Amino acid sequence: MEKTDLLSEVFATLRLTSDLYFRADLAGPFAVEVPAERRLVRFHYLRRGSCWLRGGAEMTPVPLAEGDLAILPNGGAHVLADSPARPALPLSALLAESPPDASGLLRYGAGAGRVELLCGFCAFDEDIEHPVIASLPPMMVLRPQDLGAQPWTVTALRLLGLESELAGEGMQGILSRLLEILFIQALRQTGAGEDGSAPGYIAALADPQLSRALSAIHRAPEHPWTISELARLSGMSRARFAERFTRRVGLAPIAYLTHWRLMKARRLLRESELSTEEVAARCGYASLPSFTRRYKAAFGLGPGAYRRASK
């Protein structure tokens, strides 16, 4: 299994889905505070004008220009403003004052200058803590001028802009899928050009040795893998493999194996007609009681109760 297949499998298991909040047309001085909300991956695409994006106190304000896409992976509070230090109005107050129209367009403010934004999000199964999300920086910005080596990402950004301008039938569905594509493309870039020392799940997938172990775990989670066996597959000593895997992936090898088994079980319980016993066996659990204990400890709900709730 190739590393790109692993990434696709992870996102299918996370149930990654995207949608739009609204389109915003802001004029004159403005500063809008978007509150923290769950663990959504939030997007702001700048269709026209320029503005500033402020995150938490530890983050330096970032300028956004026309065509830029800002991605905030962990649902943190942030501010969009025409200047980096302007006091912000809570989004709830702005929406109460100027609710979006029937087309989903939010108009606010008056005066010189105009900023047009497309605001959306990706949601995923929030009960799953996978390293692909946990290891992301609090903010990523895709700028067309910085993407010369990734023409596919430039093309997706351009299509996002063109489709938002067209505003035709099916626009919402197309834009939602483009946001998912751009998020995955941005993720792939977080692993590009690594020198082997930095952490990150995407960088681990790009590592020829670690990717062998990850592929084996994903291909056969029911196998009773040991660190020594995974190390041999990776062509490393046991100690070196365990240290490198833990540093890059963010979990120790056996902890990742356990994590993936439970993620796979969650997907099988939700999408298949297999019995709970069969799900347990396919995910490496020799007995139903041990599987049930592990599953409930991880997700707060037993496998049978989860299956009933997800139907």
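Start with the open sheet of 6 strands: select β9, β1, β10, β3, β6 and β11, which stand in the order β9-β1-β10-β3-β6-β11 with mixed pairing. Strands here are DSSP runs of E, at least two residues long, and helices are runs of H or I, at least four residues long, both numbered from the N terminus. Two strands pair if DSSP finds at least two bridges between them. Now colour the edge strands, β9 (105-108) and β11 (140-142); each pairs on one side only. From one strand to the next, the twist averages 20°. Angles run from 0 to 180 degrees between N-to-C directions, and axes are lines fitted to C-alpha atoms, for helices over the stretch in contact.

A note before moving on. This is a predicted model, where local features need pLDDT of at least 70, side-chain atom pairs count only at pLDDT 80 or more, and totals for chains, interfaces and linings use all residues. Residues are numbered from 1 along each chain as its sequence is written, and side-chain values use heavy atoms, with hydrogens and water left out.

**Inside the sheet**

Select 17-27 and 114-123. These are β1 and β10, antiparallel and joined by 10 bridges. Pick R23: its opposite residue in β10 is L118.

Next, show helix α4 (residues 151-166). Helix α4 lies across β3 (41-48), β6 (69-72), β10 and β11, at about 70° to β3. Contact means heavy atoms within 4.5 Å.

Select β4 (residues 51-54) together with β5: the two pair in the antiparallel sense over 3 bridges. W52 has P63 in β5 as its bridge partner.

**The cores**

Show L69, V132 and F183. Of the 70 residues in the largest nonpolar core, these touch the most other members. Such a core is a set of buried Ala, Val, Leu, Ile, Met, Phe, Trp, Tyr and Cys residues joined through side-chain atoms within 4.5 Å. Buried means under 20% relative accessible area, exposed over 50%, and partly exposed in between, with a 1.4 Å probe and protein chains only. Centre on V132. Beyond its neighbours within four places in sequence, V132 contacts L7, V10, F11, L14, L187, Y201 and I202. A second, separate core has 23 residues, including V32, A70, L91 and L106.

**Two crossing helices**

Select α7 (residues 208-219) and α10. Their axes come within 10 Å and cross at roughly 35°. On the α7 side the contact uses L214, I217 and H218; on the α10 side, P253, Y256, L257 and W260.

Stay on helix α10 (residues 253-271) and pick T258. Is T258 buried or exposed? T258 counts as buried because its relative accessibility is 18%. Draw a C-alpha to C-alpha distance from T258 to P221: 8.6 Å in space, for residues 37 apart in sequence.

**Zoom out**

Show the whole chain. Its secondary structure comes to 13 helices and 11 strands. The C-alpha trace spans about 65 × 45 × 35 Å along its principal axes. Of the 311 residues, 50% count as buried.
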